[in-house]
Amino acid sequence: MQKSLDIRILIFLLELVSSIISFIVGYYALKAYRTTATRGLLLLYLGFIVLGIGTLLRFTTAAYVGLIVRTIPPTTEHQLAGLIRLAASIYMITQLVAYGLFTITYILQAINTSRTSPTVAQAATIPAATAGPFVQLFFIPQLELIAITLLGFITIYTFTNWLIKKETAAALVTLGFGLMLLSHFFFLLMINSEAFLFLGQISQLAGFLCLLTMLAKVSKTNA
Amino acid sequence: MRREHKEYRSKTRIYCDILNSLLKHGGKSGPTRLLSGANLSYDRLMKHLNQLIELGLVQEEKENSEAIYKLTDKGRNFILEFTKVEKFAEAFGINI
């Protein structure tokens, strides 16, 4: 079972990569904002930084829990469960704030264009022998649903943008947000099976990699 | 009845249009040739050119007692940077 737990921690390592990419995209958005003073880019910067912080927090907590779960006595397991729930709540809230900022960006964009404590149903303790539900504690189904709604809106907007512009960079952004949306569907399905964790993390990472590819493509642009 | 859509240009976009117009004329031009490229009135063009000089993106020179505006290296870098930023913003569906 310990081996199975290690695999789960490795899966969470993918989140560290996603977090780094999020910070890189956020940094580029800040650079773009400093050049143009466009409000939408500022919101995009804040969104990606908040998203990066949230993802980093979940990775850090998962790594900490993964390390500590082997040594703690069974009497303190409920405290660990509390820590995971707190980290999961903070993570989901930061993620929703980030998606909210992206949504505001696109709502403002659309307006401009037209002018011119969540609960976790799972077990409250972590059986040290199996460590099964610990991963599921990181995901809050109700908040995943909100994330899906917000990301759904963002994906539709970026897809429309791609339909108009027909550019590779715009397609990569659509694909990036689309894969993030898919990852939240997988995280939601973790209610039924923990196996969806891997699929969720992979699609989330793939989404961030699409954004990184877009950034690399844009950086190579010549005047 | 046809409705005309007037597109709003940000200050940065206007700067970039002026600099691009200069680049198209070999990096050096008098104000008259820049008017159509920048799509500005003479007064507004001169106002923006003065700001570009202050920012070090354009340099003013005199040729036969006529003012000539020259694109600086900083100005060329600005065009390149702006193009990248524009592509980035466009990819996210944000208009600059």
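Residues are numbered from 1 along each chain as its sequence is written, and chains are lettered from A in the order in which they are written. In this predicted model, local features need pLDDT of at least 70, side-chain atom pairs count only at pLDDT 80 or more, and totals for chains, interfaces and linings use all residues.

Confidence is considered first. The model has an ipTM of 0.77 and a pTM of 0.78. Chain B has an average pLDDT of 87, where pLDDT is the predictor's confidence in each residue, from 0 to 100. A score of at least 70 is reached by 92% of the residues. Over residues 1–5 of chain B, however, the pLDDT is below 50.

Chain B contains four helices and three strands, arranged along the sequence as α-β-α-α-β-β-α. Helices (H or I, at least four residues) and strands (E, at least two) are DSSP runs, numbered from the N terminus. The C-alpha atoms of the chain fill a box of roughly 45 × 35 × 20 Å, taken along the principal axes.

One pair of helices may be examined in detail. The axes of helix α1 (residues 11–24) of chain B and α2(B) come within 9 Å and cross at roughly 120°; axes are lines fitted to C-alpha atoms, for helices over the stretch in contact, and angles run from 0 to 180 degrees between N-to-C directions. Two residues are in contact if their C-beta atoms, placed from the backbone, lie within 7 Å. Among the residues making this contact are B:I18 and B:L22 of α1(B) and B:L34 of α2(B).
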